Amino acid sequence: MQALLDRLDGLLANNSIFTLQTLSFYGDGLVTTVQLVFLSLIIGLVMAVPLAIGRSSRHGIIKWPIFLYTYVFRGTPLLIQLYLIYYGVVFVEGIQESWLWPIIKEPFVPALFAFTLNTAAYTTEIFRGAIKATPRGEIEAARAYGMSPALALRRIVLPSAFRRALPAYGNEVIFMLHASAIASVVTLMDLTGAARFVYARFYAPFDAFLFVAAIYLCLTFAILYFFRFLEKRLLAHLRPMT
Amino acid sequence: MLDLQGYGPRLLEGAGVTVSLAVLSLALSLVLGLATASAKMSRSVVAHRLATLYTTLIRGVPDLVLMMLLFFGGQIGVNVLTDWLYDTTGVDIFININEFVAGVVTIGLIFGAYMGETFRGAFMAVEHGQIEAGKAYGMGDRLVFWRIRFPQMMRHALPGLSNNWMVLLKTTALVSVIGLSDMVRIAAEASKATREPFTFMIVVAVIYLLIASVSEWLFARLQKRYSIGYGEMD
């Protein structure tokens, strides 16, 4: 490891901007970005499944509040949602006295909160579309086998809906990665935050932002190929026979 | 009752900036999108590769990063250009990149890539027989494009265009970060000054929802117009 660092140091000897120090900023930023995106996607996914089932319900009292939630969060900019939570959290009664305050006052938590609510809204609508597209025959077949609605949902509807939702969900994951750049606005040192810092320090916009753009591009392609691989595995039965 | 503490007129002004920014970027992105779609469908390998490079790069990098690159980098680029002009010809000009122009160019450039994909799919959905019929009537390529391919393509493109427009509208919020006084920036300033973030952010969120609802209605009307002759027979 030390040898590798020494070699890297030698490689960067003539470069005033990309020193080990700035590269470590980018490295920390990468970790923050990946943590933020991964956590919000996982929590959002867990939230979206029951919400999507509720959104497909026949009862207005379950359906409409969820619709309102997805409509508002999909219809307004993420930046507004982030500002609202970041600046608004201080005004929640009693929060500054609570034991959670030392964690909450860091920008990571409000950002995670905003991103999770945002991606959960989009994912809910993706899943709802996939649930709605379940062929009627499949549900009828489940009924004919004597399955209860809950069992049919668990065994028939959801597994096939998840598969159908996969391509759209892959897009949502990439969208979240790109949206996470906004976190730098509330002083979080994510990848974009690191780039802004390097830009401000060296006044070198091309170096700072092109480098970070290349990292995002690599991440985007990694996600893209991962989902292509998943689709190949999970949607194999839908491919046309050759 | 809603108390905007005197920020009402400025918020409205900001809403005006947001709307004009969005509409101008939309116009630019439509032009770029049509050009990209044509390049992708053209027989020229170079044009095809360039268009693919453009859409891949733009869609792989966050909007905010592109915006900062073009805004901060653009200023340096322009400075280098004017310095060079001064050294070679002695003409001394100073160009300060205007945030509004930078915003329109960046958002237009980003969404041109998305529009290109939408247009390409829509053009391919127009039956080839339609084009042949136009040629059989003696129309040239240009006339076939404007009379046959474009109007029929729009029917297929409109749902995608409406989707892109909604995303574009929300993306305009990012220009507040590079210093443009759109309604998000004014609301952020007002929130800090008055310590009432909920009031201002919720007002701005409602304005966004209003703009989105109005444009949804407009797109539904456009869709109806471009679908004349389809699905009304039965």
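This is a chat about a predicted model with chains A and B.

Biologist: What should I know about the model and its numbering first?
Modeller: The model is predicted, so local features need pLDDT of at least 70 and side-chain atom pairs count only at pLDDT 80 or more, while totals for chains, interfaces and linings use all residues. Residues are numbered from 1 along each chain as its sequence is written, and chains are lettered from A and ligands numbered from 1 in the order in which they are written.

Biologist: How many helices and strands does chain A have?
Modeller: Chain A has 10 helices and 0 strands. Helices (H or I, at least four residues) and strands (E, at least two) are DSSP runs, numbered from the N terminus.

Biologist: Is chain A compact or spread out?
Modeller: Chain A is more spread out than a compact globule, because its radius of gyration is 22 Å, well over the 18 Å that the globule rule gives for 242 residues. That radius is taken over C-alpha atoms, and the rule is 2.2 Å times the number of residues to the power 0.38. The C-alpha trace of chain A spans about 75 × 60 × 30 Å along its principal axes.

Biologist: New topic. Which residues of α4(A) and α6(A) meet?
Modeller: In α4(A) they include A:Leu78 and A:Ile85, and in α6(A) they include A:Phe113 and A:Leu117. This contact divides into 9 nonpolar, 2 polar and no charged residues.

Biologist: And B:Ile228, buried or exposed?
Modeller: B:Ile228 is exposed, with 10 other C-beta atoms within 10 Å. A residue is buried if 20 or more other C-beta atoms lie within 10 Å of its own, exposed if 12 or fewer, and partly exposed in between, with C-beta atoms placed from the backbone.

Biologist: Where is B:Ile228 in chain B?
Modeller: B:Ile228 is in the segment after α8 (197–226) of chain B. Its C-alpha atom is separated by 9.3 Å from that of B:Arg155, 73 residues apart along the chain.

Conventions
Contact = placed C-beta atoms within 7 Å. Nonpolar A, V, L, I, M, F, W, Y, C, P; charged D, E, K, R; others polar.
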